Amino acid sequence: MKKLTKFALGAAGAAVAAGAGVMALRALKFRPAPELRADPDEVEVDYDRVVESLREMIRFRTVSSDRPEEEDAAEFDKFRAYLLERYPTLAEKCGPERIGRCGVLYTWRGVSSEKPTVLMAHYDVVPAGGEGWEEPPFDAVLKDGYIWGRGALDTKVTLCAIMEAAERLISSGFTPASDIYLAFSGEEEPAGPSAGDIVTALEERGVRPALVLDEGGAVVTGAFPGVSAPCALIGAAEKGQLRLALEAASRGGHASSPPPRTIVGELAEAVCEVDASSGPFTLTPPVEQMLDTLGRHASFPMRLVLANLGVFRPVLDLVCRMSGGELNALMRTTCAATQMKGSDANNVLPESASVGFNMRVINGESCDEAEARVRAAVTNPDISVRRLYAAEPSKYSETSGEAWDKLTDAVKRTWPKAVVSPYLMLAASDSRHYDRISNNVYRFCPLELSKEERGTIHGVNERIPTWKAVKCAEFYTRLIESV
């Protein structure tokens, strides 16, 4: 018996050692394939003009709202008029149209109409407030090589870069190989209908874009564990968005004699219940491709995990749950409590109270399924769940083929040291509307963005180095010349 036990233990140890050896061998072989890259080709961009154009665009207070009557319509009108004035050749030859409430569409005819391209951006911005800004958010101050202001990153810089590249090329007599559409919305932030209106117009005209490019991933460093090289992350899909409200009612009354349980306390318990019921770990195709692509450039410990994901999947799930943030959001539907409303007075019990939830729904799950999980988690029958808004996850776009190759080639020629990878966009964009008419909808902001710079988007002190704005125009020049 003892001999048998020793034999079993020895066999088990050998099996473990053999398994570890196999996993280590897989990790050693988990390396990127050799790749030849051309040096960045020179493109002509007027540095000073790009800087001045972007500064002027930032000065227009195009703050959008889900209540259009709260917007300053004159600022939006002045912005659109500025585009006509600043880019006269485009205005003359591309017949800009006003579509929907505030959509703008330029049609640039190419040699062929068979494989059209759509380049997107939005010119509305979120409110800036005033507190905490080192420079006024709409003065477009130029200081220490930075342009300061709301919209400098999101996304007046890409709109400016597209227009600068197109105006320069069309003025030089360049004609694209295929039609190019420049599509801009003025109500992206509140998820308004203008982008959808533009898609409807294109659909009615029989336009089936071979390539659509909107905001999304960027060129980032240090965002993926174990990878030191810059990573150009191109969104091949985006998560859906679901907004819910948990609501409760009571008789109210004076705070000096509260009931055993207040509705605010009951809602707080419900929030904890929802927090404990996060969505299941899900590896979508763009994230699987990202892990495979970036993992091959990672340090050995990370390669060991990703090369043997079948074994380490539970570990990755646990790490994601514990760390939260972007890594966790890539793997599951997230649910964040964002709004709490109760009494307006500190000494008054509220007659009604609510908590708002913002959910980002993973691809492969529907908004109905995500909402059902929240409803099942809330055990208090006196708390109701109300849907405020829903947008389903997007389709998956192709990550191979002509459109992908043209896009990634322009990225590689602009950032030759970057590792280009598919990515799942966590936020929502206007590009989701284009799923109706294209299988090649991509989400990539052609900027090198540090973690600190990404944190200023929708935050205070949004700003961009001037050279990054110019490089953005260089990218669009390369892309336009290739499509």
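Reply: Buried is used here for a relative accessible area under 20%, exposed for one over 50%, and partly exposed for what lies in between, with a 1.4 Å probe and protein chains only. This is a predicted model, in which local features need pLDDT of at least 70 and side-chain atom pairs count only at pLDDT 80 or more, while totals for chains, interfaces and linings use all residues. Residues are numbered from 1 along each chain as its sequence is written, and side-chain values use heavy atoms, with hydrogens and water left out.

Me: Is A140 buried or exposed?
Reply: A140 is found in the loop between β3 and β4 (142-143), where helices (H or I, at least four residues) and strands (E, at least two) are DSSP runs numbered from the N terminus. It has a positive phi of about 50 degrees although it is not a glycine. Because its relative accessibility is 0%, A140 counts as buried.

Me: What is omega at the cis peptide bond between D154 and T155?
Reply: T155 belongs to the loop between β5 (146-148) and α5. The peptide bond that joins D154 to T155 is cis, with an omega of about -20 degrees.

Me: Which residue's side chain makes a polar contact with that of E164?
Reply: E164 is part of helix α5 (residues 156-171) and has a relative accessible area of 7%, so it is buried. Leaving out residues up to four places away in sequence, E164 touches R49, V50, S53, R86 and Y87, contact meaning heavy atoms within 4.5 Å. A polar contact is a pair of N or O atoms within 3.5 Å, of which, within protein, one must be able to donate a hydrogen and the other to accept it, and residues adjacent in sequence count only if both atoms are side-chain atoms. At 2.7 Å, the side-chain partner of E164 in such a contact is S53.

Me: What is the relative accessible area of L90?
Reply: L90 sits in helix α4 (residues 88-94). Not counting residues up to four places away in sequence, it touches G95, P96, Y106, M163, A166, E167, I170 and L182. L90 is buried, because its relative accessible area is 0%.

Me: How many bridges join β3 to β6?
Reply: In strand β6 (residues 178-185), eight of the eight residues are buried. Two strands pair if DSSP finds at least two bridges between them, and β6 pairs in the antiparallel sense with β2 (residues 103-108) over five bridges, I180 being the bridge partner of W108. Strand β3 (residues 112-122) runs parallel to β6, with S178 as the bridge partner of S112. The number of bridges joining β3 to β6 is seven.

Me: Which strands are at the edges of the open sheet of four strands?
Reply: The sheet is antiparallel, and its strand order is β11-β13-β9-β14. The strands that pair on one side only, and thus form the edges, are β11 (334-341) and β14 (384-391).

Me: At about what angle does helix α7 run to β13?
Reply: Helix α7 (residues 263-275) lies across β9, β11 and β13 (352-361). Axes are lines fitted to C-alpha atoms, for helices over the stretch in contact, and angles run from 0 to 180 degrees between N-to-C directions. The angle between α7 and β13 is about 15 degrees.

Me: Which feature does UniProt place at residues 237-381?
Reply: Over residues 237-381 the chain is 43% helix and 23% strand. UniProt positions are given in the numbering used here, feature names are shortened, and annotations may be inferred rather than shown by experiment. The unreviewed UniProt entry gives this stretch as "domain: Peptidase M20 dimerisation".
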